[in-house]
Amino acid sequence: MRRSVAEAARAVLDADAPLAKIKAARAAARDWRLGRLDHRFDVAMPDRPARPDRPELLPPNRMPKRGKGGSERGRVALIHALAHIEFAAIDLAFDAVGRFGGQFPRSFTDDWMQVGADEAMHFALLDRRLKQLGSHYGAMPSHDGLWDAAAATAHDSLARLAVVPMVLEARGLDVTPSTIERFQMVGDVATAKILTRILTDEVRHVRAGTRWFESACREQNINPETTWHSLVRTYFRGLIKPPFNDSARESAGLTRGYYAALAVP
């Protein structure tokens with residue numbers, strides 16, 4: 001019997017070393033694209049994905065403060081934090097495939113396989129940049145807040161879509177442009193180019209989350225915006241705070257009717 005979609009997704013989540021996770025993500029996305037995987041969801045996703053020994057994972061409130069990227073040390077710390085976000089995002093995408101893919105049409109798997117492959121590429125670019133700057137992924141502590149959001153929404157596909165792509169990834173649309181500017185101002189064109197590529201891809205990722213959220217709401221005959229408000233209030237611990245990149249959010253289908261009502265003053 002051929003490998004199933006769920007088996008391929010589980011292989012990504014079970015890979016602990018960064019290189020192994022990248023290879024598993026690329027293999028899963030390639031095999032799906034080439035029709036080598038059966039659209040079966042016969043393997044359970046783990047409660048937590050495998051992680052390398054480094055970076056040390058700390059609670060968010062114990063994370064050391066980093067600068068805004070002016071010094072080289074501050075830039076390396078910021079790139080490391082971004083690399084960790086992308087590393088966690090690989091698992092988030094493939095967990096969505098394996099955990100929720102059976103609830104949606106095949107095109108849901110199309111989208112999240114591509115998202116997972118994108119996140120693996122983003123991580124690889126940032127990890128390579130760290131090495132060019134004399135560091136590496138794992139050299140600094142990180143936190144596991146992204147996976148905490150995944151664990152809280154593991155039972156509910158609507159909650160997962162509401163929180164992960166439509167809140168957490170959408171926040172990246174807001175903050176990445178200013179981060180790109182900071183790297184450009186200090187002459188770090190290489191990192192700015194990487195972040196520009198990531199920003200372009202993340203618009204598409206948020207769009208996929210919004211589209212599937214709205215599709216599921218239509219299937220259940222419920223209002224997308226009021227449902228999103230309720231789910232975010234229930235499952236997201238942080239704040240929806242400005243400034244917002246309204247144009248990027250609009251391009252991703254995330255209109256102000258979603259987030260304006262929950263935004264802090």
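Mentor: Let's begin with serine 4, which sits in the segment before helix H1, the helix spanning 5–14. Keep in mind as you look that this is a predicted model. Serine 4 has a relative accessible area of 0%, and because buried means under 20%, serine 4 counts as buried. What does serine 4 touch, leaving aside residues up to four places away in sequence? Its neighbours are Leu37, Asp38, Arg40 and Asp42. With aspartate 42 there is also a polar contact, made between the two side chains at 2.7 Å.

Now for the other spots. Follow the chain to the loop between helix H2 (18–33) and H3, where you will find proline 55. The peptide bond that leads from arginine 54 into proline 55 is cis, and its omega is near 10 degrees. Helix H3 itself covers residues 72–100, and its 29 residues reach 41 Å from first C-alpha to last, close to the expected 42 Å. H3 is mostly covered, with 24 of its 29 residues buried.

Further on, asparagine 221 lies in the loop between helix H7 (189–220) and H8. Asparagine 221 is not a glycine, yet its phi is positive, at about 55 degrees. Its relative accessible area is 71%, so asparagine 221 is exposed, the cut-off being over 50%.

Last, look at proline 243, in the loop between helix H8 (224–235) and helix H9 (246–251). Here the bond from proline 242 to proline 243 is cis, with omega near 5 degrees.

Key
Residues are numbered from 1 along each chain as its sequence is written. This is a predicted model: local features need pLDDT of at least 70, side-chain atom pairs count only at pLDDT 80 or more; totals for chains, interfaces and linings use all residues. Side-chain values use heavy atoms; hydrogens and water are left out. Helices (H or I, at least four residues) and strands (E, at least two) are DSSP runs, numbered from the N terminus. Buried means under 20% relative accessible area, exposed over 50%, partly exposed in between (1.4 Å probe, protein chains only). A polar contact is a pair of N or O atoms within 3.5 Å; within protein, one must be able to donate a hydrogen and the other to accept it, and residues adjacent in sequence count only if both atoms are side-chain atoms. Contact means heavy atoms within 4.5 Å. The expected span of a helix is 1.5 Å times one less than its number of residues.
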